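Trainee: I would like to go through some labels and ask what stands behind each of them.
Mentor: Go ahead; here is the structure.

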Amino acid sequence: MGNALRFLYGKCCQPTTTDESLGPHGVSAATVGVSALAHDLFNFEITSQVPEGLGRYVVSSRKAQSNWYRKILEAWKQAKPPPQTAEEASRLVIEILKRHQKADVEGLLSFYGLPLPHTLVELSTEAPVSLPEGILFEFQTLPVDPKAVADGDTITVYVSTSDPVVSSSVPREVNVAAAQRAKAREKKNYTKADELHQKIVDSGYRVLSIQNEEVLARKFRIRLRGIDAPESQMPFGKEAQQELLKIVQWKSLKVLVYGEDQYGRCVGDIYCNGIFVQEAMLKKGLAWHYIAYDKRMVFAKWEKEARQKRIGLWASSNPEKPWDWRKNNRRE
């Protein structure tokens, strides 16, 4: 059995003890997607049996289904690295079954809750060589904590005080408190160390543990420029937050800052491993182009692509705009 299948089966696909919240393939709803497919490929390699219930989603015979799983299993083993996200698994299935009936391909993907072909988007993978007009400064963040993603267009990040953008403006009292905290910890005076750290936090900084080293960092709240995602209480608000979280969690981000908004947030473009985050959110139908504050025509183009595919929030014929929702729900 391939190592990738063994890992995913052991990590994600332990059998459930009850039938509560079962997905169509017979494993818990929590394992729907890439791990469920790995589970069934693992089972197919041992038994040569395709999962029960698949026939309700596809039109071809069980013999044909076995042929699909054989091909997918071989491709999965050869993939380096193997699929780890729903999109990666979906692309692998689509490529392997590209000569098969559309109804079968889409049925198999639906069986696992994987993205359908028309919902997949191609993203740019290169950050700009030169800074766009209007950029004031840029910085590289420390890895993003998942708890720091508030919604689909706002992230809290930390930047090391060794970064040139930050280093010259660190208050003296913060540096002093950080040094005193380190000494208190050496003496195992953790109560004193915690008091000093709270003083640091109250000043907008924090001491973070990065790869077993303590790093003094400054806090920034970032508002993604040019897009407006659904508010948390709106339809697709949670999906937008989860998508942004999936892109940035535990990653270091490149942030290009244009300025500051009325709430003290830095307004900027965000790149994650070369991916332009605003592009991803627009193309996946999880944000509007915020044209009142950003006139970039490419943003309008990306929104239009999602509208035409009717993906994300555009599955609705007339989704409420977040700026209208805020106006209608503003507390008097």
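Trainee: How is the lining of the second largest pocket divided by residue kind?
Mentor: Into seven nonpolar, two polar and eight charged residues. Ala, Val, Leu, Ile, Met, Phe, Trp, Tyr, Cys and Pro count as nonpolar, Asp, Glu, Lys and Arg as charged, and the others, Gly among them, as polar. This is a predicted model, where local features need pLDDT of at least 70, side-chain atom pairs count only at pLDDT 80 or more, and totals for chains, interfaces and linings use all residues. Residues are numbered from 1 along each chain as its sequence is written, and side-chain values use heavy atoms, with hydrogens and water left out.

Trainee: What makes a space a pocket, and what makes a residue part of its lining?
Mentor: On a 1 Å grid over the protein atoms alone, a pocket is an open set of points with protein on both sides within 12 Å along at least five of seven lines, and a lining residue has an atom within 4 Å of a point. For the second largest pocket, 17 residues line the space, and Thr 85, Glu 87, Glu 88, Ile 275 and Lys 284 lie nearest its centre.

Trainee: Which element gives the largest share of that lining?
Mentor: Helix 4, with four residues. A helix here is a DSSP run of H or I with at least four residues, a strand is a run of E with at least two, and both are numbered from the N terminus.

Trainee: What is the volume of the second largest pocket?
Mentor: About 490 Å³. A volume is the space filled by probe spheres set on the grid points, which are joined across faces, edges and corners.

Trainee: Why is Gln 211 called exposed?
Mentor: Exposed means over 50% relative accessible area (1.4 Å probe, protein chains only). Gln 211 has 76%, so the word applies. Asn 212 has 80%, and therefore Asn 212 is exposed too.

Trainee: Where is Gln 211 found, and what is its phi?
Mentor: Gln 211 is in the loop between strand 3 (205–210) and strand 4 (213–224), with a positive phi of about 50 degrees although it is not a glycine. Asn 212 lies in the loop between strand 3 and strand 4, and its phi is near 65 degrees.

Definitions and conventions: Buried means under 20% relative accessible area, exposed over 50%, partly exposed in between (1.4 Å probe, protein chains only). On a 1 Å grid over the protein atoms alone, a cavity is a set of points where a 1.4 Å probe fits but cannot get out, and a pocket is an open set with protein on both sides within 12 Å along at least five of seven lines; lining residues have an atom within 4 Å of a point.
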